[in-house]
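Open the model in your viewer and keep the sequence panel beside it. The stops below say what to select and what is there.

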Amino acid sequence: MKILQSNIFELASDPKGGAPLPEDQVRNTFKKFDTDNDNQLSFKELTKAFQFLGSRIPVYRADRILLHADANNDRFVSEEEMNKLVKYAAGHGFTDSA
């Protein structure tokens with residue numbers, strides 16, 4: 001079971017190499033994916049943003065961020081919840097080579 005778990009976590013990890021993106025750049029990247037301009041990010045928008053950032057499994061990342069940052073459980077990351085999203089993404093090694 002340990003082998004299977006380590007392989008899953010390895011697959012879900014995101015690419016390393018290059019300089020980590022500054023938080024303001026991470027924030028701006030996510031804001032670009034607010035395609036309906038409602039000042040919040042849906043699961044679909046989050047998935048596309050993580051895909052753009054180079055996540056190996058962007059659906060996993062979108063799901064994890066909703067668990068981590070969506071304080072009111074509405075399945076969106078609002079402007080007020082954006083800081084948690086940015087810290088999560090910046091802390092998971094997204095780089096300028098993504």
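A salt bridge here is a side-chain nitrogen of Lys or Arg within 4 Å of a carboxyl oxygen of Asp or Glu. Keep in mind throughout that this is a predicted model.

**Whole chain**

Start with the cartoon view. The chain has five helices and two strands, and their order along the sequence is α-α-β-α-α-β-α. Of its 98 residues, 36% count as buried.

**Salt bridges**

How many salt bridges does the structure hold? There are two. Side chains of opposite charge can pair when their charged atoms come close.

Select Lys87 and Glu23. They form a salt bridge, and their closest N and O atoms are 3.4 Å apart. Lys87 lies in helix α5 and Glu23 in helix α2, so this pair ties together parts that are 64 residues apart in sequence. Lys87 counts as exposed, at 52% relative accessibility, while Glu23 is partly exposed at 36%.

Next, select Lys31 and Glu79, which form a salt bridge with 3.2 Å between the closest N and O atoms. Lys31 lies in helix α2, and Glu79 in the loop between β2 (77-78) and α5, so the pair ties together parts that are 48 residues apart in sequence. Lys31 is partly exposed, with a relative accessible area of 38%; Glu79 is also partly exposed, at 35%.

**Helices α4 and α5**

Show residues 58-69, helix α4, together with residues 82-91, helix α5. Their axes come within 9 Å and cross at roughly 130 degrees. Angles of 65 to 115 degrees count as roughly perpendicular and those over 145 as roughly antiparallel, and α4 and α5 are therefore oblique to each other. The crossing is right-handed.

Tyr60 is partly exposed, with a relative accessible area of 31%.

**The loop between α2 and β1**

Last, go to the loop between α2 (23-32) and β1 (40-41), where Asn37 is found. Asn37 is not a glycine, yet its phi is positive, at about 55 degrees. This residue is exposed, with a relative accessible area of 63%.

Asn39 is in the loop between α2 and β1 too. What is the phi of Asn39? It is positive, about 60 degrees, although Asn39 is not a glycine. Asn39 is exposed, with a relative accessible area of 53%.

Notes:
Residues numbered from 1 in each chain as written. Predicted model: local features only at pLDDT ≥ 70, side-chain atom pairs only at ≥ 80, totals over all residues. Heavy atoms only, no water. Helix = DSSP H or I, 4+ residues; strand = E, 2+ residues; numbered from the N terminus. Buried < 20%, exposed > 50% of the residue type's maximum accessible area, 1.4 Å probe, protein only. Axes fitted to C-alpha atoms, helices over the stretch in contact; angles between N-to-C directions. Parallel < 35°, antiparallel > 145°, perpendicular 65-115°, else oblique. Left-handed = near helix turned anticlockwise from the far one by under 90°.
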